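Please examine the following protein model together with its sequence. The report below describes its confidence, its helix packing and its aromatic residues.

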Amino acid sequence: MSGSNTNELLRAALNAGRVPSSSGRSTTRSSRKATPKSPRSVAASRDVSDTEDYDDDDASVASDDTWVINGAAEEATDEPIMESTENWQDTLQTALDALSEKRVGTRERGLATVAQVMAHIYVGEAMEGRRLASLESLKRCAKTAKSDVEGVLALRGIALWFINFGVDASANEYTETKAFLKALARDTHLSSHLRVMALAALGVASFVSGADYNDSADVLKFVGDWFIHLDAPLDDDDDDEGFDEEEDEEHDDEPEPAPASVMRQALETYGLLMTVVVDANPRVAEKMFDRAFAAHLEALAADSIEIRLAAAQNFALMHSELSRQESGRFEFDRQEELVATLSAIKHQSSKRHGRRDTHAQRSAVRGVLQTIESGVPPELKLAFHGRSVRFADWPRILRLHAFRAVLGGGINRHFADNPLLGQVFEVVFDTGADDRGSSEARMIVSPNSSLAKARAVNMRKKREARNSAKMLDNGDSD
């Protein structure tokens with residue numbers, strides 16, 4: 001495979017759901033001190049653009065209170081367009097078979113096709129018979145990867161596997177994959193590209209297939225200890241809350257500072273999984289974030305705009321959700337310091353990072369400050385094919401960006417066909433009606449509605465069944 005084709009595959013895998021930087025290069029960096037050309041991160045800020053630079057209907061546009069992202073991402077990102085969905089099962093089967101070939105280029109092309117099909121088509125039901133075999137093939141390619149391209153594509157494939165099959169994943173499939181992804185993410189001998197994608201896949205896997213919030217809390221602790229560098233450990237009385245910490249590999253030495261791209265992804269994975277913990281157990285979530293508060297505050301001073309914004313949006317998530325849980329205005333212990341820091345970032349000159357990047361930072365931080373000072377979250381609109389869905393709370397915003405970062409331009413098809421997204425976002429997105437040109441308000445299900453509650457109960461029952469199976473497996477092994 002030629003060098004140019006290899007670079008294109010790597011860029012496409014890394015930027016599947018991202019708007020490329022103005023320089024046309026990937027925003028993922030290997031150098032910790034490098035400052036990204038663009039603030040297009042998985043977090044909401046990645047899709048905020050300067051209205052003066054984008055005039056067409058497909059562009060992402062920012063206003064004072066609304067962030068817009070475009071679901072038809074192929075035109076705006078490095079992801080290739082899937083030209084036809086005919087005979088996709090044969091195409092996917094052939095690509096999966098190619099993962100066992102000896103030639104690296106053949107495996108890379110097979111992995112690129114697997115990712116393209118699984119991102120643009122919900123394959124969970126039709127390919128159930130290949131579920132376990134496909135996961136093992138993807139893990140094998142990631143483990144023995146002979147190039148960054150092969151490794152990154154395989155890890156994105158694992159994330160896509162959990163979006164397509166993860167609701168029905170067995171306890172063993174999830175726990176073994178979680179341990180595998182943790183090992184890759186903390187391996188400092190690997191490239192930043194691989195560690196970034198391992199962290200992204202780890203977050204998606206835990207979010208989709210974790211039995212309960214304890215799984216998310218376990219991954220949060222791992223991310224915090226290895227990448228974010230937390231303060232004092234949780235108090236002993238946290239055991240009363242049901243938080244069961246799993247033992248990670250011991251590390252006597254202080255973990256090495258993470259490169260900028262890895263740190264950014266660690267913060268984004270932390271935010272995604274904190275949406276689970278803070279909803280299920282606000283007390284444990286608050287204690288966990290107390291440990292991460294100083295590190296998040298330090299991240300606001302990072303050279304990388306992406307790191308700053310990922311940290312800022314985690315602050316907004318915690319403030320909004322703890323305020324909601326307490327039925328009143330929550331305040332951090334160091335809230336004045338936090339607000340002052342965010343205000344300074346919002347008014348930062350464009351000389352250092354450029355007008356476009358600074359505008360994006362200002363728009364995103366304005367939404368964070370609005371949440372912390374007034375209790376009003378920004379509104380994000382997902383638009384594609386003349387339709388849109390609005391999201392106006394931080395948990396859904398952070399979840400949406402995590403899923404879009406993996407699915408890229410295929411997110412519209414998964415909203416239409418994949419029941420997982422309906423359960424996660426409590427929204428029905430009809431992309432097949434006839435009034436495409438005039439429709440904006442789709443069926444957005446309130447978390448308090450009977451439909452949302454029924455979906456939550458159904459998902460909880462599935463998780464409890466998997467948890468029971470896990471306990472039985474442990475009992476048999478004793």
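In helix α4, the buried residues are Arg-131, Ser-134, Leu-135, Ser-137, Leu-138, Lys-139, Cys-141 and Ala-142; buried means under 20% relative accessible area, exposed over 50%, and partly exposed in between, with a 1.4 Å probe and protein chains only. Helices (H or I, at least four residues) and strands (E, at least two) are DSSP runs numbered from the N terminus. The cover over these buried residues includes α2 (88–98), α3 (104–120), α5 and α6 (171–185). Helix α4 covers residues 131–143, and at 1.5 Å a residue its 13 residues should span 18 Å, which agrees with the 19 Å between its end C-alpha atoms. The expected span is 1.5 Å times one less than the number of residues.

Gln-89 is found in helix α2 and is partly exposed, with a relative accessible area of 38%. Leaving aside neighbours within four places in sequence, Gln-89 is in contact with Ala-126 and Met-127, where contact means heavy atoms within 4.5 Å. Gln-89 and Ile-121 are 32 residues apart in sequence, and their C-alpha atoms are 10.0 Å apart in space.

## Confidence and overall make-up

This is a predicted model, in which local features need pLDDT of at least 70 and side-chain atom pairs count only at pLDDT 80 or more, while totals for chains, interfaces and linings use all residues. Residues are numbered from 1 along each chain as its sequence is written, and side-chain values use heavy atoms, with hydrogens and water left out.

The pLDDT is the predictor's confidence in each residue, from 0 to 100. Its mean over the protein chain is 77, and 64% of the residues reach 70 or more. Where pLDDT is low, the predicted coordinates should not be read in detail.

The protein chain has 17 helices and 5 strands. Of its 478 residues, 58% are buried. Among contacts between residues at least 6 apart in sequence, 73% join residues at least 24 apart.

## Packing of α11 against α14

The axes of helix α11 (residues 305–326) and helix α14 (residues 394–407) come within 9 Å and cross at roughly 145 degrees. Axes are lines fitted to C-alpha atoms, for helices over the stretch in contact, and angles run from 0 to 180 degrees between N-to-C directions. Gln-313, Asn-314, Ala-316, Leu-317, Ser-320 and Glu-321 in α11 meet Trp-394, Pro-395 and Leu-398 in α14.

## Aromatic residues

The whole structure holds 16 aromatic pairs. Rings of Phe, Tyr and Trp (its six-membered ring) pair if their centres lie within 6.5 Å; planes under 30 degrees apart count as stacked, over 60 as edge-to-face and the rest as tilted.

| Pair | Type | Centre to centre | Angle between planes |
|---|---|---|---|
| Phe-289 and Phe-332 | tilted | 6.0 Å | 40 degrees |
| Phe-330 and Phe-332 | edge-to-face | 5.2 Å | 90 degrees |

Phe-289 lies in helix α10 (residues 282–299) and Phe-332 in the loop between α11 and α12 (335–346), so their pair ties together parts that are 43 residues apart in sequence. Phe-289 is buried, with a relative accessible area of 2%. Phe-332 is buried at 7%, and Phe-330 is buried at 6%. One aromatic cluster is formed by Tyr-270, Phe-289, Phe-293, Phe-315, Phe-330 and Phe-332.
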